[in-house]
Amino acid sequence: MPPRKVLIVDDSKLLHRMFEMMLRQYPLVHAYDGREGLVRLGENSDIDLVLLDVNMPHMNGIEVLTAMKADPRFANIPVVLITTEGSEEQTDRGLALGASAYVKKPFRNEELLAVVQRLTAGAPAAT
Ligand SMILES: [Mg+2]
């Protein structure tokens, strides 16, 4: 089983550091807004999962998800929406657009790991 590479798209640097601690076994790729997220996807053809913040500058998570689903290179990569209180409408829209799951901030370590393991077939990268 090859390593499962995870792309994190979030404008919060603090959240990137949290993900690094929570997902130690996974090779991570980082992007700090939606536009950069799409660039990183184009550069890394081996990304297996995307953790996608909903509220971001330049392109929000819903716009990124829409672009991914319209692009045959990215359409089948599972997406986990990172949502906040009050963004339920966007969360519903994201799920309707084909997001695989969502986690609501603040989330617990185990909660995030369970979602990531489920969507990567439980196969962390060899270290
Ligand atoms: Mg944000």
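This is a predicted model: local features need pLDDT of at least 70, side-chain atom pairs count only at pLDDT 80 or more; totals for chains, interfaces and linings use all residues.

Me: What makes S3 and S4 a pair?

Reply: The cut-off is at least two bridges, and S3 and strand S4 (residues 79-83) have four, in the parallel sense. Here Leu52 stands opposite Leu81 in S4. On the S1 side, strand S1 (residues 5-9) and S3 pair over five bridges, again parallel, and Leu52 is the bridge partner of Val9.

Me: Why do S2 and S5 count as the edges of the sheet?

Reply: The open sheet has five strands in the order S2-S1-S3-S4-S5, with parallel pairing. Strand S2 (28-31) and S5 each have a single partner strand, so one side of each is left without a neighbour in the sheet. From one strand to the next, the twist averages 20 degrees.

Me: Why are H2 and H3 called roughly parallel?

Reply: Angles under 35 degrees count as roughly parallel. The axes of helix H2 (residues 34-43) and helix H3 (residues 61-69) cross at roughly 30 degrees, coming within 9 Å, and H2 and H3 are therefore roughly parallel to each other. Their crossing is right-handed. On the H2 side the contact is made by Gly34, Gly37 and Leu38, and on the H3 side by Gly61, Glu63, Val64 and Ala67.

Me: How do you know that this contact has three polar residues?

Reply: Gly counts among the polar residues, and Gly34, Gly37 and Gly61 take part in the contact. By class, the contact of H2 with H3 has three nonpolar, three polar and one charged residues.

Me: Is His58 buried, exposed or partly exposed, and what makes it so?

Reply: A residue is buried with 20 or more other C-beta atoms within 10 Å and exposed with 12 or fewer. His58 has 13, so it is partly exposed. His58 lies in the loop between strand S3 (47-53) and H3, and its phi is near 70 degrees, a positive value in a residue other than glycine. As for S3, six of its seven residues are buried.

Me: What is the omega of the peptide bond from Lys105 to Pro106?

Reply: Omega is near -5 degrees, and the bond is cis. Pro106 lies in the loop between strand S5 (101-104) and helix H5 (109-119).

Notes
Residues are numbered from 1 along each chain as its sequence is written. Axes are lines fitted to C-alpha atoms, for helices over the stretch in contact, and angles run from 0 to 180 degrees between N-to-C directions. Helices (H or I, at least four residues) and strands (E, at least two) are DSSP runs, numbered from the N terminus. Angles under 35 degrees count as roughly parallel, over 145 as roughly antiparallel, 65 to 115 as roughly perpendicular and the rest as oblique. A crossing is left-handed if the near helix is turned anticlockwise from the far one by less than a right angle, and right-handed if clockwise. Two residues are in contact if their C-beta atoms, placed from the backbone, lie within 7 Å.
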